Structure formats: C-alpha cells, structure tokens
Amino acid sequence: MAKSERDANGRGRRGNGAGGRDAAANASAGASAGRPRSEEAHQAILDATLALLAEVGFSALTVEGVAGRAGVGKATIYRRWPSKLPLVVEAFGGLPSFEDADLGSLAADLKAMLRAYLELFNKTPLAAVLPALASERAHDPALAELFDPVLRQRRSPLTRALERAVARGEVPADLDLDLAADLIVGPIAVRLFFTGRKVTTRMVDPMVDLALSGVARRN
C-alpha cells in the first residue's frame with residue numbers, strides 16, 4: 001500500500017543537497033533508535049505528510065491522518081519522530097531546493113540555479129507546502145525553531161554564488177548578501193503568496209537581470 005500511495009502521488013522528489021539533508025536529519029535526531037526502520041515505510045510516511053500538507057495545511061495535519069495515508073500504524077511514526085513537527089520539517093527538507101552552480105559569473109550561476117529549481121517547483125508538492133508552512137511559522141515558535149534553519153540551508157547556494165561574485169569583483173565587497181539573496185528570489189515569493197500567478201522558468205532571466213542591475217550598481 002505504501003508503494004502504491006507513492007506512485008499515486010507522483011512524487012519523484014529530488015534531494016536538496018547536503019545542507020538540506022543535514023538539517024532534515026537534525027530535525028529528526030534520535031528518531032531511528034529502536035527497531036531497524038523500513039526505508040520503504042519511512043519514505044511512505046514522508047510522502048503522505050507532504051500530500052496532506054498540500055491538501056489540509058499544517059494545523060489540520062495529524063499523525064493519525066499521516067499513518068492512514070501511508071498505510072502504517074501510528075506507533076511506526078512515533079518510533080521515528082516524537083511529534084508532527086520534526087516529521088513535517090524532515091518531509092519538507094526532502095523537497096527540491098537550490099543546487100549550487102559555478103559557471104564563472106553571477107548571472108550565469110543564478111540563472112542556472114533558479115531554472116533548475118523552478119523546473120521542479122510545480123512538479124512536486126513544494127508550491128503548496130511552502131506557503132502552508134511559511135504562514136504557520138509566523139505564529140508557531142516551535143515550528144519556526146525547526147523550520148528556519150532548514151530554510152537558511154536550502155538557500156545557501158545563493159549566498160555562495162554571491163560570495164564568489166564578491167571575490168571576482170562583480171559586486172561591491174560590502175554587499176549585504178542576505179538582502180541581495182532576498183532581492184533575487186523575491187519575485188518568486190510575491191507570485192506564490194500574493195498574486196496567484198504561476199511560477200515558471202520564463203521569469204528567471206528577467207528576474208535575475210533586473211535584480212543584478214541593482215545589486216551590482218556602485219555609488
């Protein structure tokens with residue numbers, strides 16, 4: 001049943017790099033103690049969690065619901081995760097993220113990263129799960145404590161690309177890297193959270209070019 005659920009949900013998820021995997025692993029530290037875990041059941045639980053997050057949101061998601069969707073008992077989930085918080089964060093951490101690209105220029109690096117990311121964005125639950133968790137974290141300190149480090153690690157390739165650009169002299173040495181990263185990917189958040197317009201790869205080139213026209217400007 002677990003396998004058929006995964007096939008029906010059409011996940012095909014790709015990992016999000018070492019940083020995201022480490023953060024997700026930290027979120028569920030100690031979860032694998034006890035009986036040897038079944039990797040098939042483990043993945044079925046993560047897939048069921050993502051499917052339910054996309055359908056009902058974080059607040060309405062329950063361990064019971066995940067267990068039923070994954071075809072496992074609640075005890076199987078609780079042997080791996082003490083509550084739904086680390087379960088949700090680990091499931092989110094397995095979704096596609098930015099992957100580093102070092103092509104010799106900031107524009108080329110960013111366009112390659114963003115294009116690869118957005119090619120997968122609408123093929124996974126990410127487009128539905130990210131808004132659900134982002135809105136919930138604003139008033140759930142426990143979720144924010146686990147979720148925020150994962151978010152930082154998922155966007156770390158953007159920071160590394162900007163650091164390389166500083167070293168090459170493409171952008172000012174005193175550039176605020178976090179703010180620059182916000183500026184570059186901001187249009188994705190605006191479309192996702194406010195306008196309802198689809199996020200596609202067609203927006204990558206103009207998004208990067210417009211952002212860099214400001215980031216690279218010197219006084």
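# Close-up views

**View 1. Arg164 is a buried residue, at 18% relative accessible area.** Buried means under 20% relative accessible area, exposed means over 50%, and partly exposed is in between (1.4 Å probe, protein chains only). The structure is a predicted model, in which local features need pLDDT of at least 70, side-chain atom pairs count only at pLDDT 80 or more, and totals for chains, interfaces and linings use all residues. Residues are numbered from 1 along each chain as its sequence is written, and side-chain values use heavy atoms, with hydrogens and water left out.

**View 2. Arg164 and Asp102 form a salt bridge, with 3.5 Å between the closest N and O atoms.** Arg164 lies in helix H10 (residues 156–168) and Asp102 in the loop between helix H6 (84–93) and helix H7 (106–121), so this pair ties together parts 62 residues apart in sequence. A salt bridge here is a side-chain nitrogen of Lys or Arg within 4 Å of a carboxyl oxygen of Asp or Glu. Helices (H or I, at least four residues) and strands (E, at least two) are DSSP runs, numbered from the N terminus. Asp102 counts as exposed, at 53% relative accessibility.

**View 3. Asp109 pairs with Arg168 in a salt bridge, the closest N and O atoms being 3.9 Å apart.** Because Asp109 lies in helix H7 and Arg168 in helix H10, the pair ties together parts 59 residues apart in sequence. Asp109 is buried, with a relative accessible area of 0%, whereas Arg168 is partly exposed at 35%. Salt bridges with shared partners join Asp100, Asp102, Asp109, Arg160, Arg164, Arg168 and Glu170 into one network.

**View 4. A salt bridge joins the side chains of Glu64 and Lys74 at 3.5 Å, N to O.** Glu64 belongs to helix H4 (residues 63–70) and Lys74 to helix H5 (residues 74–78), 10 residues apart. Both ends are partly exposed: Glu64 has a relative accessible area of 44%, and Lys74 has 39% relative accessibility. The whole structure holds 12 salt bridges.

View 5. Leu110 touches Leu158, Ala161, Ile184, Val208 and Leu212, not counting residues up to four places away in sequence. Contact means heavy atoms within 4.5 Å. The buried residues of H7 include Leu106, Asp109, Leu110, Leu114 and Phe121. Their cover includes helix H8 (126–137), helix H9 (141–154), H10, H11 and helix H12 (204–215).

**View 6. The largest nonpolar core has 61 residues.** Ile77, Phe92, Leu110, Leu114 and Leu133 have the most contacts inside this core. Helix H3 (residues 39–60) gives the most to the core, with nine residues. A nonpolar core is a set of buried Ala, Val, Leu, Ile, Met, Phe, Trp, Tyr and Cys residues joined through side-chain atoms within 4.5 Å.

**View 7. Ala144 is found in helix H9.** Ala144 is buried, with a relative accessible area of 11%. Leaving aside neighbours within four places in sequence, Ala144 is in contact with Arg137 and Pro149. Ala144 and Leu85 are 59 residues apart in sequence and 9.8 Å apart in space, C-alpha to C-alpha.
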